[in-house]
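Visitor: Could you walk me through the charged side chains and the helix packing here?
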Amino acid sequence: MNQIIINLEERYPKKLGMGPTAKKLFQEINMEKEVVLNFKNIEFMSRSFAQEYVFQKYNTNTQITEINMDDSIKQLLEIVQDDFEKTCL
């Protein structure tokens with residue numbers, strides 16, 4: 001299977017703050033079938049990043065697995081995803 005692992009800390013700051021950064025990430029991974037995103041040492045994610053991340057994730061055919069995600073980031077993504085599903089689907 002065509003799987004790649006992306007260690008976010010090697011490509012982005014430890015604080016994921018801007019929505020366009022999520023869009024850039026998905027421009028890269030949309031060409032893959034399966035991606036593992038390693039959130040190790042990522043300390044913060046803004047709501048702007050989270051909203052774009054969730055939107056892009058719903059609009060990709062790439063299978064994404066997230067690992068080593070901080071609990072606060074996980075909670076934020078769950079909140080944004082729930083809101084997205086209620087308002088956009």
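**Charges and helices**

Guide: Arg 11 has a relative accessible area of 44%, so Arg 11 is partly exposed, where buried means under 20%, exposed over 50% and partly exposed in between, with a 1.4 Å probe and protein chains only. This is a predicted model, in which local features need pLDDT of at least 70 and side-chain atom pairs count only at pLDDT 80 or more, while totals for chains, interfaces and linings use all residues. Residues are numbered from 1 along each chain as its sequence is written, and side-chain values use heavy atoms, leaving out hydrogens and water.

Visitor: OK, which residue forms a salt bridge with Arg 11?
Guide: Glu 28 does, with the closest N and O atoms 2.1 Å apart; a salt bridge is a side-chain nitrogen of Lys or Arg within 4 Å of a carboxyl oxygen of Asp or Glu. The pair links distant parts of the chain, with Glu 28 in helix H2 (residues 19-29) and Arg 11 in helix H1 (residues 8-11), 17 residues apart; helices are DSSP runs (H or I) of at least four residues, numbered from the N terminus.

Visitor: And how many salt bridges are there?
Guide: The count comes to three, including one between Lys 57 and Glu 66 at 2.8 Å, N to O.

Visitor: Switching topic, at what angle do H3 and H4 pack?
Guide: Helix H3 (residues 47-58) and helix H4 (residues 71-88) pack at about 55 degrees, with their axes 9 Å apart, the axes being lines fitted to C-alpha atoms over the stretch in contact and angles running from 0 to 180 degrees between N-to-C directions. That makes H3 oblique to H4, since angles under 35 degrees count as roughly parallel, over 145 as roughly antiparallel, 65 to 115 as roughly perpendicular and the rest as oblique.

Technical notes:
Helices (H or I, at least four residues) and strands (E, at least two) are DSSP runs, numbered from the N terminus.
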